[in-house]
Protein chains: 2
Amino acid sequence: MVRVLDERKLDVLRAIVEDYVATHEPVGSKTLVDRHNLGVSPATVRNDMAALEEEGYITQPHTSAGRIPTDAGYRLFVDKLSTVKSLSPAEKKAISSFLAGAVDLDDVVRRTVRLLAQITRQVAIVQYPTLTRSSVRHIEVVTMTPRRLLLVLITSTGRVEQRIVETHHDVEEQLIADLRSRLNTALTGQRMTEAASALASLPEGFSHADRPLVAAIVTSLLEAFTDEGEQRIAVGGAANLTRYGDDFERNVKPVLEALEEHVILLKLLGEATNPQTLTVRIGHENPYEGLATTSVVATGYGSKSETLATLGIVGPTHMDYPSTMGAVRAVARYVSQILADS
Amino acid sequence: MVRVLDERKLDVLRAIVEDYVATHEPVGSKTLVDRHNLGVSPATVRNDMAALEEEGYITQPHTSAGRIPTDAGYRLFVDKLSTVKSLSPAEKKAISSFLAGAVDLDDVVRRTVRLLAQITRQVAIVQYPTLTRSSVRHIEVVTMTPRRLLLVLITSTGRVEQRIVETHHDVEEQLIADLRSRLNTALTGQRMTEAASALASLPEGFSHADRPLVAAIVTSLLEAFTDEGEQRIAVGGAANLTRYGDDFERNVKPVLEALEEHVILLKLLGEATNPQTLTVRIGHENPYEGLATTSVVATGYGSKSETLATLGIVGPTHMDYPSTMGAVRAVARYVSQILADS
DNA sequence: GACTGGCACTCGAATCTCGGGAGTGCCAAA
DNA sequence: TTTGGCACTCCCGAGATTCGAGTGCCAGTC
């Protein structure tokens with residue numbers, strides 16, 4: 001009965017999505033025919049619209065209004081009806097030179113967030129490279145006060161992690177030096193997971209008296225290795241939330257709240273995919289109530305063989321998917337490239 | 001002619017401010033007399049109101065509406081008519097225990113922002129301790145690749161600053177070790193400003209061939225010492241912007257934009273005052289257009305003798321000043337205390 | 001069978017009207 | 001100087017009305 005594949009019906013859906021994204025107003029059959037040259041009459045379009053509504057791709061805010069796409073409509077649009085839009089050479093140039101100016105990892109992330117927010121005109125989210133996927137570059141032990149040590153962990157990705165360890169007795173410089181050299185001998189170059197297990201046998205090499213201190217340090221480092229000290233995330237472009245239109249309370253507030261909860265953000269970004277694959281979550285597909293009118297476009301970044309972390313944007317469901325996806329993909333690629341050079 | 005000091009007139013102003021802050025609605029003479037026991041008739045209050053309006057402390061949104069305070073009105077209220085409200089013992093306890101759980105400087109700042117936003121229900125801003133006011137605890141030089149060095153600067157306040165230095169030739173481990181020890185001998189314990197000048201003579205101790213590298217490192221460190229690598233700032237509680245009422249575009253958007261521009265934020269926070277003094281900037285007093293309906297409450301934190309940095313909140317001019325000021329002051333004190341213990 | 005023009009119908013958005021009421025300013029009296 | 005009285009202003013909200021974009025359906029044409 002229902003012709004699933006009807007070329008023109010899909011054209012109509014595409015036109016509706018494009019129009020609605022551009023105007024943010026329900027689109028009617030007449031307008032549609034005027035604006036896009038579909039080569040058929042409004043009446044015909046109306047028939048198709050009725051069918052599309054029947055199938056759940058579009059809906060009417062109220063009788064006698066135009067149609068707007070449903071989440072399912074956007075989904076179909078993204079999956080079948082659109083192609084990711086590449087950036088212009090000028091834009092690519094701008095991205096690459098802007099990122100190239102970064103002085104350290106923090107700076108790379110900060111710049112990336114800024115850039116992504118600016119290009120997409122949406123809220124940008126960038127996760128810092130995960131610790132577990134990198135290896136130990138160096139461990140430093142610094143005496144702050146005689147009873148307080150600062151551990152500094154430097155990873156292969158350039159990330160610096162710090163932990164404070166309190167002791168019950170004054171610690172001698174000699175012991176610190178010893179610790180420092182043993183830690184580095186044992187751990188440098190190891191991947192985080194391996195390093196964690198290598199730590200276990202560390203206390204053995206020390207005198208009985210020093211064991212408690214060493215144990216405390218081991219605990220602290222383990223914590224650092226296993227990312228227990230939360231994932232770091234950078235957010236930018238919150239001012240773009242203005243673009244949501246009105247109904248601030250319902251649309252914008254939940255997003256602002258989510259942006260402050262890194263746990264939620266991580267869920268939104270989802271499992272890191274490789275840089276070739278874009279994840280798009282539309283409206284209700286998001287694992288967080290309150291983002292019913294919000295979509296997430298995310299992708300992983302890192303080397304070809306290994307994804308370091310995820311970045312993406314958050315915006316209203318009625319965003320320009322082809323351009324946004326293109327921008328996210330491009331930025332992810334350039335960041336990967338910059339990091340690969342390190 | 002104009003009696004500048006009229007006790008009752010000030011009472012009326014106080015009542016207007018308090019009422020308006022509570023209800024966010026223009027307040028009329030009748031309501032005012034009902035709600036606060038002023039002991040006079042509405043007619044009398046009306047006379048006072050007319051005078052207050054004449055003097056520029058209150059205004060009418062339109063004829064035949066109640067009055068709302070002007071910026072000048074809030075200013076007078078803050079300066080003369082209100083006393084900073086202390087927190088309850090329970091709240092103090094909560095603050096102190098929440099902050100005590102912090103594991104490092106970053107964590108202290110993150111927790112502070114969160115706390116401040118939560119207590120005041122406003123947007124919180126916390127500046128990281130300024131580098132220039134702290135001293136060098138330790139400098140670490142790490143080889144990342146043979147031609148790429150990572151400098152890690154650890155300050156007395158526990159802040160960790162990193163810089164990458166590229167070289168033209170491979171660098172030998174021996175040289176690195178030499179550098180590390182000389183840097184630390186020369187700089188450890190020095191204040192940033194002194195350290196900067198001590199750096200100048202560093203290259204002298206090295207062979208001619210090594211000079212370029214040492215010079216590059218010196219440049220990089222100087223940059224780090226002098227805070228050129230921008231001030232770090234943490235922001236939280238943006239979701240509280242909902243509290244502004246409507247007119248999103250005019251009130252909320254500029255604030256969101258300002259929050260992303262650290263340069264602007266620094267100006268807003270203003271010169272660090274000592275922890276005893278609260279700075280309040282009301283509406284147009286702010287050095288940034290677009291914050292006409294916004295006030296800033298800020299104060300410094302750090303030790304008694306020395307202010308490390310500034311923290312504060314940003315909110316609508318019609319905020320509850322006594323409570324907000326109390327909260328900001330309290331948080332600043334507790335943070336100072338936590339940091340002093342380090 | 002697919003498309004089209006025509007037509008009656010629906011219903012939200014914008015405009016208007018209008019009365020109620022909160023609030024004001026002014027004045028004369030206490 | 002304070003107060004009660006009073007006329008006046010003007011915002012706000014509740015209908016009432018109009019307007020028009022958009023729809024669904026149907027009969028006619030290719």
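How many residues does the contact take from chain A and from chain B?

1. Basis. This is a predicted model, in which local features need pLDDT of at least 70, side-chain atom pairs count only at pLDDT 80 or more, and totals for chains, interfaces and linings use all residues. Residues are numbered from 1 along each chain as its sequence is written, while chains are lettered from A and ligands numbered from 1 in the order in which they are written.

2. Chain A with chain B. The contact takes 27 residues from chain A and 27 residues from chain B (two residues are in contact if their C-beta atoms, placed from the backbone, lie within 7 Å). On the side of chain A that touches chain B, two or more residues each come from β4 (136-145), β5 (148-155), β6 (160-166) and α10 (248-260). Helices (H or I, at least four residues) and strands (E, at least two) are DSSP runs, numbered from the N terminus. The most is given by α10(A), with seven residues.

3. Composition of that side. The residues of chain A that touch chain B comprise 14 nonpolar, five polar and eight charged. Here Ala, Val, Leu, Ile, Met, Phe, Trp, Tyr, Cys and Pro count as nonpolar, Asp, Glu, Lys and Arg as charged, and the others, Gly among them, as polar.

4. Symmetry. Chain A is superposed on chain B by a rotation of 180° with 0.1 Å of shift along its axis, at RMSD 0.2 Å; this is the relation of a two-fold axis. The same surface serves both copies, as 96% of the contact residues of chain A recur in chain B. The superposition is by least squares on the C-alpha atoms of residues with pLDDT of at least 70 in both copies.

5. DNA strand D. At least two residues each are supplied by α2 (29-35) and α3 (42-54) of chain A and by α3 (42-54) of chain B. The largest share, four residues, comes from α3(A). By class, the surface near DNA strand D has seven nonpolar, eleven polar and three charged residues.

6. A helix pair in chain B. Helices α5 (residues 89-100) and α6 (residues 105-120) of chain B pack at about 150°, with their axes 9 Å apart (axes are lines fitted to C-alpha atoms, for helices over the stretch in contact, and angles run from 0 to 180 degrees between N-to-C directions). That makes α5(B) roughly antiparallel to α6(B), a term for angles over 145 degrees. The contact involves B:Ile95, B:Phe98 and B:Leu99 of α5(B) with B:Val108, B:Arg111, B:Thr112 and B:Leu115 of α6(B).

Conventions
Angles under 35 degrees count as roughly parallel, over 145 as roughly antiparallel, 65 to 115 as roughly perpendicular and the rest as oblique.
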